[in-house]
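Thanks for coming, everyone. I'll walk you through the contacts.

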Amino acid sequence: MPMSRVLLLPLFQFLIKYRRTALGPAWLVVGPALFIGLLGALYSEISGTPPAVFIPHLTIGLISWTLIQGFVTGSTTVFQRARAQIMQGGQTLDDIVMVDVVTTVLTFLHQAVIILVVLVAYQLVPTWSWLFSLVGLGLVIANGVWVTQLFGILGARYRDLSEVFQAVMRIAFLATPIIWMPGANGDGGVMGHFLALNPFHHFLEIVRAPILGQPIAPLSWAVTLAFTLFGFAAAHLVSARYARLVPLWV
């Protein structure tokens, strides 16, 4: 499939999905905006953190999490949802993967408007370090490709994988510093070891830390790069061996 069609097809499907709603794609912004606006102040008070510090942390973390969660939870059903295209031979499995990834990124871009509003509201001035955030975002999206491909194949074979991933992501959301901040204890001790073993924390940090004027820990770069390399290798091996069986499984 031409790259232009890979980009336009998700946009077309995106617009069709909201064609009979009053607010259209704005609904993607309403939910997170209400969560950040209403609960952000409450959680800031509970944690004793100034809103100017906590709300940007919450906003960037929550919106970035929706991107990561979209890749992970959507991956297990990507080929099941595209069963008709697979049976008709209209799209290859790689095309289906890319269309799904672009669709998830489009959703993220709509919600990223909230980040811009919060950054302006709290007068966070852009710096050159923000470029590292773009690099981090690129790594997140790249990992979304292999996650969708690998777990799309496994999810076609094992249907329960979807339920497992949804349960895991609910726990991971609470275990990752999104609605809470690690504080000083996050640099060492039990909390430091816990966060070091949480890959979602590292993927969030390479996006969020530069915008908040914080350095990215070398461990976060090492973990995300390792996941990227080993993930693509695993996806390639699984795809080479089992991709031909996907039409039988779906």
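Let's start with rings. Trp-65, Phe-173 and Phe-200 form one aromatic cluster. Keep in mind that this is a predicted model.

How many aromatic pairs does a search of the whole structure find? Six. One of them joins Trp-146 and Phe-151. Their ring centres lie 6.3 Å apart, with 45° between the planes, and the pair is tilted. Trp-146 counts as buried, because its relative accessibility is 8%.

Stay on Phe-151. Its ring also pairs with Phe-165. Here the centres are 5.0 Å apart and the planes stand at 70°, so this pair is edge-to-face. Phe-151 belongs to helix α7, and Phe-165 to helix α8, residues 161-175.

The charged end of Arg-157 sits over the ring of Tyr-158, 4.9 Å from the ring's centre.

Now salt bridges. Side chains of opposite charge can pair when their charged atoms come close. The count here is two.

Take Asp-100 and Arg-81. Their side chains meet in a salt bridge, 3.0 Å from N to O. Asp-100 lies in helix α6 and Arg-81 in helix α4, residues 78-81, so the bridge ties together parts 19 residues apart in sequence. Asp-100 is buried, at a relative accessible area of 13%.

Next, Glu-205 and Arg-208. Their closest N and O atoms are 3.2 Å apart. Where do they lie? Both are in helix α10, residues 199-211. They are three residues apart, about one turn of the helix. Glu-205 counts as buried at 15% relative accessibility. Arg-208 counts as buried too, at 2%.

Last stop: the loop between α6 and α7. Helix α6 covers 93-121, helix α7 covers 130-157, and Gln-123 is found in the loop between them. Most residues other than glycine have a negative phi. Gln-123 is not a glycine, yet its phi is positive, about 55°. Gln-123 counts as exposed, because its relative accessibility is 68%.

Trp-128 has its place in that loop as well. At 73% relative accessibility, Trp-128 counts as exposed.

Note on methods:
Residues are numbered from 1 along each chain as its sequence is written. This is a predicted model: local features need pLDDT of at least 70, side-chain atom pairs count only at pLDDT 80 or more; totals for chains, interfaces and linings use all residues. Side-chain values use heavy atoms; hydrogens and water are left out. Helices (H or I, at least four residues) and strands (E, at least two) are DSSP runs, numbered from the N terminus. Buried means under 20% relative accessible area, exposed over 50%, partly exposed in between (1.4 Å probe, protein chains only). Rings of Phe, Tyr and Trp (its six-membered ring) pair if their centres lie within 6.5 Å; planes under 30 degrees apart count as stacked, over 60 as edge-to-face and the rest as tilted. A charge sits over a ring if NZ of Lys or CZ of Arg is within 6 Å of the ring centre and within 35 degrees of the ring normal. A salt bridge is a side-chain nitrogen of Lys or Arg within 4 Å of a carboxyl oxygen of Asp or Glu.
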